[in-house]
Amino acid sequence: MARPVRLWPLIAALITAVALEIVPLPGVLEAFRPPLPTMVMIYCAMMWPQRFGIGTAFCIGLCLDILHGQLLGQNALALTAVTYLTLRFHLQIRIFPLWQLTVTVFALLAFGAFLQFLIEGVAGLAPAGLARMGRVFSGTLFWPLVMGIMDRIRLLVESSRSSFN
């Protein structure tokens with residue numbers, strides 16, 4: 001029997017990640033904003049593949065499209081594709097050491113950035129160019145921190161104590 005999982009802290013983490021996407025940053029730092037919703041979704045898809053899947057990723061991607069005012073479905077498609085790859089290989093990815101997991105997250109974030117670049121090109125929009133790679137690099141650098149925070153949440157969520165009741 002599977003362990004009971006309290007979902008509200010995980011949903012709160014996803015909502016917080018989406019909310020941090022719209023917090024204003026200075027112009028210089030805007031290009032280096034880590035893609036927190038993608039990173040949290042990668043973690044949730046790795047640890048709870050039955051609960052956080054492609055549907056969750058699509059909904060979060062649509063929320064990001066609406067919040068950023070981008071082409072509807074751009075973030076949804078990229079986040080769905082990244083989540084699919086994470087779900088497909090989650091058993092292999094989970095056992096990687098931290099440095100190898102960080103390289104894998106870099107590849108997933110780069111793939112998501114490439115899909116967004118491709119969608120902008122097909123739609124005839126001015127592409128962001130190399131500015132997207134700043135988000136990929138910052139996301140890779142912040143991955144160990146995000147993983148540590150999400151591991152702490154996972155331990156609290158899956159523990160048998162009633163600390164979140």
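## Basis of the description

Helices (H or I, at least four residues) and strands (E, at least two) are DSSP runs, numbered from the N terminus. The model is predicted, so local features need pLDDT of at least 70 and side-chain atom pairs count only at pLDDT 80 or more, while totals for chains, interfaces and linings use all residues. Residues are numbered from 1 along each chain as its sequence is written, and side-chain values use heavy atoms, with hydrogens and water left out.

## Helix H4 and Gly 55

Gly 55 belongs to helix H4, which covers residues 54-68. Gly 55 is partly exposed, at a relative accessible area of 46%; buried means under 20%, exposed over 50% and partly exposed in between (1.4 Å probe, protein chains only). Between the C-alpha atoms of Gly 55 and Gly 129, which are 74 residues apart along the chain, the separation is 29 Å.

## Packing of H3, H5 and H7

Helix H3 (residues 36-47) packs against H5 at an angle of about 30 degrees, with 9 Å between their axes. H3 is therefore roughly parallel to H5. Helix H5 (residues 74-88) meets H7 at about 150 degrees, their axes being 9 Å apart. H5 is therefore roughly antiparallel to H7.

Axes are lines fitted to C-alpha atoms, for helices over the stretch in contact, and angles run from 0 to 180 degrees between N-to-C directions. Angles under 35 degrees count as roughly parallel, over 145 as roughly antiparallel, 65 to 115 as roughly perpendicular and the rest as oblique.

## Val 122

Val 122 lies in helix H7, residues 98-123. Val 122 is exposed, with a relative accessible area of 69%.
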